[in-house]
Amino acid sequence: MPANGKTEVVRVFDGLGRRHRQGVLFIVDCDNEIEDRLKGHSEFVISANMDIDADLVFELSALDRVATECLADRLLDGDELRVATSELLIGATELSIGVTVVQQAARRRRLPTKVVSDMGGRREFRVRDLSDELLDEIGSGDSFVRKLAADMANLIEWSDRELRLITAEAVDMYGKPCGPHGIDHCIECHRRSSCRGHTLVQAISVVLKKRHNVSIGVPVLESLLRTGADRRRLEGWEVARRIRRWEDVSGYKVLAAE
């Protein structure tokens, strides 16, 4: 049952209380906004990355099959295909992380993150809104974050002062050493904390077009990724393991038997 956002899921979780939650399983996106009190409940399952869409790519290797279908007729052998798939994922991940970090920095400053539309209102930012010049130079590091923030400023119409504040905050967030590994710009930790699935899918679509001239719309790509998840990796996915544990405790079944 879709719940129209994590807030509604938590509201129902709290409203039912422990006694009435028996037989109900709650699954939510992490999105870096999970209260400590909600962790540790067998019936409250949280995505491993920012959301389930990101889990499909990073935990269930869904991009591998999609890339094979999209690129196989353009590449000569399996080694080339594997390299191209890896480069596609790295480029899309770096782009998604950069966009999310800049957006997070803007929200911390209570500044807008939506694009000024042609009609004068605002609409959601899309990765394809970025300039061709920026998309041709997808990379990592402070310099890329600065260029990305400047490009987004033109779309969102931040003032020069707002751009300076956002850039400083984004660069600090991007370069801050991670706790688990103690290194600057830890791609693994950034992937979990700053790689939103929908933005990642948009980035994959853009990088496919820019680097391989393959056009796949975001809704179609989202559908392909859902069907492309590697079932062999399912049992190693933390979300699936949590669901299996809940099944053992509750006596109910959600996942199909292998």
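This is a predicted model: local features need pLDDT of at least 70, side-chain atom pairs count only at pLDDT 80 or more; totals for chains, interfaces and linings use all residues.

The dialogue below moves from the whole chain to a single residue.

Q: What does the radius of gyration say about the chain?

A: The value is compared with that of a compact globule with the same number of residues. For 258 residues the expectation is near 18 Å, and the chain has 20 Å, which agrees. The C-alpha trace spans about 55 × 50 × 45 Å along its principal axes.

Q: How many of the residues count as buried?

A: A residue is buried when its relative accessible area is under 20%. By this criterion, 46% of the 258 residues are buried. The chain exposes about 14200 Å², of which carbon and sulfur atoms supply 49%.

Q: What share of the contacts joins residues 24 or more positions apart?

A: Among contacts with a separation of 6 or more, such pairs account for 62%.

Q: Why is Arg245 classed as partly exposed?

A: Partly exposed residues fall between the limits of under 20% for buried and over 50% for exposed. Arg245 is placed in this class because its relative accessible area is 42%. Arg245 belongs to helix H11, which covers residues 238-250.

Q: How many residues separate Arg245 from Val201 in sequence, and what is their distance in space?

A: Arg245 and Val201 are 44 residues apart in sequence, and their C-alpha atoms are 30 Å apart.

Notes: Residues are numbered from 1 along each chain as its sequence is written. Side-chain values use heavy atoms; hydrogens and water are left out. The radius of gyration is taken over C-alpha atoms; the globule rule is 2.2 Å times the number of residues to the power 0.38. Buried means under 20% relative accessible area, exposed over 50%, partly exposed in between (1.4 Å probe, protein chains only). Contact means heavy atoms within 4.5 Å. Accessible areas come from the Shrake-Rupley method with a 1.4 Å probe; for residues, only the protein chains shown count as cover. Helices (H or I, at least four residues) and strands (E, at least two) are DSSP runs, numbered from the N terminus.
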